[in-house]
Amino acid sequence: MAEGTEPESSDSMKTFGAVLQALREHAGYTREDFAPLVRYSTHTVESIELGRRLAEEIFVERAEEATGNTGALRRAMKYLGRQPGLAAWFRRWALMEAKALSLCTYECRLIPGLLQTEAYAQTLFDDQLPPLGDDQIEAQMVARMERQRLLRERPNTAYSFILEEHLFLRRTGGPEVTQGLIDNVLGLAELRNIEVQVMPLVREHHSGLAGPMRLLETPENKWFAYCEGQESGQLIADPKVVSVLQMRYARMRSQALSMEESVSLLRQMRGAL
């Protein structure tokens with residue numbers, strides 16, 4: 001889906017990363033030394049230097065200050081192009097997602113990227129039309145696995161997922177892939193900052209029939225929404241529209257199975273495979 005269906009060039013990101021690494025090393029810092037100066041994790045610094053992650057403006061400003069305010073990073077940032085493995089319309093949401101205080105996701109088409117296993121994601125990439133090349137699939141896989149680090153690296157972010165039961169019953173990729181997927185979801189559901197609820201197949205009242213949605217709270221306590229379709233995505237900032245989607249999501253939380261019931265159902269489904 002839109003999380004990674006448009007493979008994009010990473011040349012500018014790799015160039016920016018090389019400039020950053022050169023300035024950091026010239027200043028005499030290791031990545032471990034540099035990370036606290038820019039207030040990002042060592043892993044994030046490494047990802048930016050390797051051209052796998054798009055640098056945010058605040059990162060660039062802190063990096064400039066730490067490396068002597070040469071202006072090189074600010075100038076290089078102007079030429080930063082697309083983020084590899086992420087569709088153009090999803091890029092802004094992905095940046096907001098990385099800093100969110102809370103993230104709510106309802107999905108009725110496929111398992112959300114944050115919960116996917118490599119085997120499940122590989123199946124989606126292999127089935128993509130037009131067909132993807134090996135380098136394109138690799139870029140998308142890297143981007144998807146990179147995003148998943150958020151679930152464990154941001155323990156203070158509250159994640160909520162409402163997933164339709166049929167997403168597991170479809171057995172995308174086959175029984176073995178589905179078993180691994182269910183195991184992954186069950187493992188993540190054990191984390192205190194992650195809630196997973198299953199919307200059962202039979203439900204007479206359902207507030208999410210208009211389609212999938214995502215809701216996000218920023219560090220400034222502002223809420224945004226994101227909805228996507230085929231080859232498109234819409235970031236929604238209008239408070240009135242966001243409020244409507246929040247009401248629908250809240251109602252779906254009461255319509256879906258509880259966390260305990262959802263875990264029990266997933267275990268039963270796994271045993272039946």
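The side chains of E228 and Y226 are joined by a polar contact of 3.3 Å, and a polar contact of 3.0 Å joins the side chain of E228 to that of R109. A polar contact here is a pair of N or O atoms within 3.5 Å, where, within protein, one must be able to donate a hydrogen and the other to accept it, and residues adjacent in sequence count only if both atoms are side-chain atoms. The model is predicted, so local features need pLDDT of at least 70 and side-chain atom pairs count only at pLDDT 80 or more, while totals for chains, interfaces and linings use all residues. Residues are numbered from 1 along each chain as its sequence is written, and side-chain values use heavy atoms, with hydrogens and water left out.

E228 lies in strand β5, residues 223-229 (strands are DSSP E runs of at least two residues, helices H or I runs of at least four, both numbered from the N terminus).

| Residue | Relative accessible area | State |
|---|---|---|
| E228 | 11% | buried |
| L201 | 52% | exposed |

Buried means under 20% relative accessible area, exposed over 50%, and partly exposed in between, with a 1.4 Å probe and protein chains only.

Helix α3 (residues 42-49) is largely enclosed by the rest of the structure, because six of its eight residues are buried; these are H43, T44, V45, S47, I48 and E49. Just after α3, G51 takes a positive phi of about 75°.
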